[in-house]
Amino acid sequence: MRRPLPIALAVVAIALLVLAPLALNGYVINLLYTTLLSVALAYGWNLISGYAGYFSFGQIAFFGLGAYATGLLVKDLNWEWVLAALAGGGVACALAVPLGYVMLRLRGPFFAMGMFGMAQLVRVLVTALPASGAGAGLYLSPDFNVADAYYWTLAIAVGAIALTFWVDRSAFGLRLQALREDEQVAGTLGVDVTRAKMAAFTLSALIPGLLGGGYALFLTYIEPDAVFSSRLDLQSIVMAILGGVGTVWGPLVGGVVMTQISEALWARFPEIYLMIFGGLLVVLLLLLPRGIVPALSKLLAERRR
Amino acid sequence: MSDSLLVVDDVSLSFGGVRALAGVSLEVRAGEILALIGPNGAGKTTLFNVISGVFRPARGDVRFLGRSIVRAAPHRIARAGIARTYQVVRPFGRLTVVDNVAVGALLHEPTIARARRDAREIVGFVGLDAYADRPAASLTLTQRKRLEVARALALRPKLLLLDEVMAGLTPTEMDGMAEFVLRLHERGIAAVAGVEHVMRLIMRISDRIVVLDAGKLIAQGTPEQIRRDPAVIEAYLGAPLGDG
């Protein structure tokens, strides 16, 4: 089945985002960068939490790990930043395999809390290393171009969406959704649940791991609070939930809607914008408990009848 | 014994001091329909859980096609050729009926398109065509029972464990299910049907009957033998057998 319109739309959107740094000012580029970053993080989270149903509050650990790995490789070993950022993704995966093997035995709130605790532990361990400047952080050379971080993050965001698009239509994705609905039944229907969960968890670590390196370049200064940021973690989770958990377009739609609302409010009500924003989120989620994308597709399906 | 498909050998399992299974041994022969009968709590579902790898017994062995499967993960047992249904139906509620069945079909059809094609055929076979693309959560109980069977069939099993497939069905629906089990028989698929009551229907379709009571095997034999067995009559408190 060919659908030329969505493909054309995607091509135009990507082209505009690629050209954006040439035409727009620093403020807008920073805003675009942080939006892309949160959206891409939301896509990473969506694989393990949306498709496999393992709600994690700790994926930011892989982001921080990627940032520190990249920072150290660039600073101490003079690696090319692209290679260092790729290695950051590798480090995240290397941790995800043993961690997932243990943590994915937990379910529901126990997994969510366990991952939150693991993220704190990873943060403490990484920042305790003398090489990572302990609590003081790491200064990178300030000559890094913000555009590099931007393009890196754009590429990973597009890659994460493409990956999710594939997962949603694949046998792998069907197995994940089956185990999300009922893990025991999925097992007796021939699904190797451990393998499927591990694969989803590792992909969910790879994406933040790769993004961390770009963020290190963007900040040029790495410190624990900035890269193991609970705010960034929560923000991306809320984006995915608002847009629709376990859907292809949910994190993107949620991310765009949230950033737009946040910017509009911030400009008009600088003192109380967070209060209004919080209230608005509560109302939106009460009205659309499963998120924007499932609500829209339901509406479209009803129209068609 | 040469044609035995499944051998359950002296299996015991307790839950917090309650003996769910106490030294149960039985065999299922290739292509036969075996009824597993016993009152509520007799251990039928526990035995199905042991055979399908959901529980690991404290003692004893389970062999399928001559190989021990007692320590194997559930998905390996499914791949070996044992499929089961659940007494309390457990559809993947948010997935469509076809996708519910396609999960099992992936075992033999590596691509999702072929697994779905396979699934659609099986969905038709159990008479759910009209609901194929609806979410499974929208099905009625009877339809969910059929979906359970469809999902199990998608594994192309050699042995099908049916946990209380008759429960909650109207007499007409029970006849339909019995017909269905007999059709499996024609296809050479062995079935173990766990049922609470010794119904005339079960008597008619099963080759052999095994009776469990309080985790113990108290009788086994042909339907005729079971009907006259004093231990069975005792277990059912003298309830008239073969009726209902």
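Predicted model: local features only at pLDDT ≥ 70, side-chain atom pairs only at ≥ 80, totals over all residues.
1. Residues are numbered from 1 along each chain as its sequence is written, and chains are lettered from A and ligands numbered from 1 in the order in which they are written.

2. Chain A has 14 helices and two strands; helices (H or I, at least four residues) and strands (E, at least two) are DSSP runs, numbered from the N terminus. Its radius of gyration is 19 Å, close to the 19 Å that the globule rule gives for 305 residues, so chain A is as compact as a globular protein of that length. That radius is taken over C-alpha atoms, and the rule is 2.2 Å times the number of residues to the power 0.38. Along the principal axes, the C-alpha atoms of chain A fill a box of roughly 60 × 50 × 40 Å.

3. In chain B you'll find nine helices and ten strands. The radius of gyration of chain B is 18 Å, close to the 18 Å from the globule rule for 244 residues, so this chain too is as compact as a globular protein of its length. Its C-alpha trace spans about 55 × 40 × 35 Å along the principal axes.

4. On burial, 46% of the 305 residues in chain A are buried, and for chain B the figure is 47% of 244. Buried here is 20 or more other C-beta atoms within 10 Å of a residue's own, exposed is 12 or fewer, and partly exposed is in between, with C-beta atoms placed from the backbone.

5. Have a look at the open sheet in chain B: six strands in the order E6-E7-E8-E3-E9-E10, with mixed pairing. E6 (82–84) and E10 (216–221) stand at the edges with a single partner strand each, so one side of each has no neighbour in the sheet. The twist averages 20° from one strand to the next. Two strands pair if DSSP finds at least two bridges between them; E6(B) and E7(B) (159–163) run parallel and have three. B:Arg84 has B:Leu161 of E7(B) as its bridge partner.

6. E1(B) runs antiparallel to E2(B) (18–29), joined by eight bridges, and B:Leu6 stands opposite B:Val28. Two residues lie between the strands of this hairpin, where B:Gly16 takes a positive phi near 50°. E1(B) also pairs with E4(B) (59–64), again antiparallel, over five bridges, with B:Val8 opposite B:Val62.

7. Last, the largest nonpolar core has 171 residues, and A:Ala40, B:Val101, B:Ala102, B:Ala150 and B:Ala193 touch the most other members. Such a core is a set of buried Ala, Val, Leu, Ile, Met, Phe, Trp, Tyr and Cys residues joined through C-beta atoms within 7 Å. Leaving aside neighbours within four places in sequence, B:Ala150 is in contact with B:Val101, B:Ile122, B:Val123, B:Val126 and B:Leu128.

Technical notes:
Axes fitted to C-alpha atoms, helices over the stretch in contact; angles between N-to-C directions. Contact = placed C-beta atoms within 7 Å.
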